[in-house]
Amino acid sequence: MVNEKNEKTSSLIDKQSEQDTRKIRINKVGVRDIQHPIEVMDKAKVRQNTIADLSISVDLPHHFKGTHMSRFVEVLNSHGSLIHVENMSEILTELRERLEAETAHIDFQFPYFIEKEAPVTGARGLMNYEVKFEAAANAERNSLRLSVTTPVTTLCPCSKAISARGAHNQRSYVTITVESDEVVWIEDLVAIAEESASCELFSLLKREDEKFVTEEAYDHPVFVEDLVRNVAMRCNADSRLKWYRIEADNMESIHNHSAFAVIENGKSTHIDIDL
């Protein structure tokens, strides 16, 4: 029975490996929206378990009709029920070998939690941040980008200057993406973003804390342009960073649109493909 089953399987046509005559190379082909448990080490060197949304892809030479989609999942599962940020290189190498590709990409996007204390009462609560690792590898090199999105408060300098009572503020999102040959902790990028805004956010605030953060924001107004420049100054002072991109979005509270600003600096060595 087993031999008969193997014979039937081996006789199945492999359409993906057939020749394609159009001679057009595909930059990326793969699978996305895979949810998988991962393990991340935080700055306190305690491992944090979370769930990542994965995108895995390779390039496809012009002579192949298609790639073998099942192999992406096979490679992922071969590394166990929990995958680690540290073994991305192994996964990329195996993807290139199994799929006969020049370049492999794997992106992890996941929520990351940091316990914070309220500024006055010290009440503790968990804050969540969106984190993304973009890893890629070819025969020449491996590359890795880290992106962290941090929510903050910004208060409008113009509103403060022209208003007799109060000033409008909003929640803003700062995304810092970096490349480095050294370890850059997620907490480091969160701190840079929070220190550059009008005030940081907290998950739990008592009345004394709410008074503090309201007044703190009022005393430190920033435009979205100020926000990205403040972040850039701190990134420029960090010798670990070879390249960075800063994106800030203000969810305007008195407009039906958002305001944004972007700064990019340094020479990127990431294996990237613009699609």
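Residue D59 is buried, with a relative accessible area of 2%; buried here means under 20% relative accessible area, exposed over 50%, and partly exposed in between, with a 1.4 Å probe and protein chains only. Before I continue, please note that this is a predicted model, in which local features need pLDDT of at least 70, side-chain atom pairs count only at pLDDT 80 or more, and totals for chains, interfaces and linings use all residues. Residues are numbered from 1 along each chain as its sequence is written, and side-chain values use heavy atoms, with hydrogens and water left out.

What does the side chain of D59 meet in a salt bridge? The partner is R25, at 3.3 Å from N to O. A salt bridge is a side-chain nitrogen of Lys or Arg within 4 Å of a carboxyl oxygen of Asp or Glu. This pair links distant parts of the chain, 34 residues apart: R25 is in the loop between α1 (2-10) and β1 (26-41), and D59 is in strand β2 (residues 47-60). Helices (H or I, at least four residues) and strands (E, at least two) are DSSP runs, numbered from the N terminus. R25 is partly exposed, with a relative accessible area of 39%.

I turn to a second pair. The side chains of K242 and D181 form a salt bridge at 3.0 Å, N to O. K242 belongs to strand β9 (residues 241-250) and D181 to the loop between β7 (169-180) and α5 (186-196), so the pair ties together parts that are 61 residues apart in sequence. K242 is partly exposed at 35% relative accessible area, whereas D181 counts as exposed at 66%.

E215 is partly exposed, with a relative accessible area of 39%. Elsewhere, salt bridges that share partners join K43, D188, D238 and R240 into one network. A search of the whole structure finds 15 salt bridges.

Finally, helix α6 itself. Which of its residues are buried? They are D209, V213 and A217.
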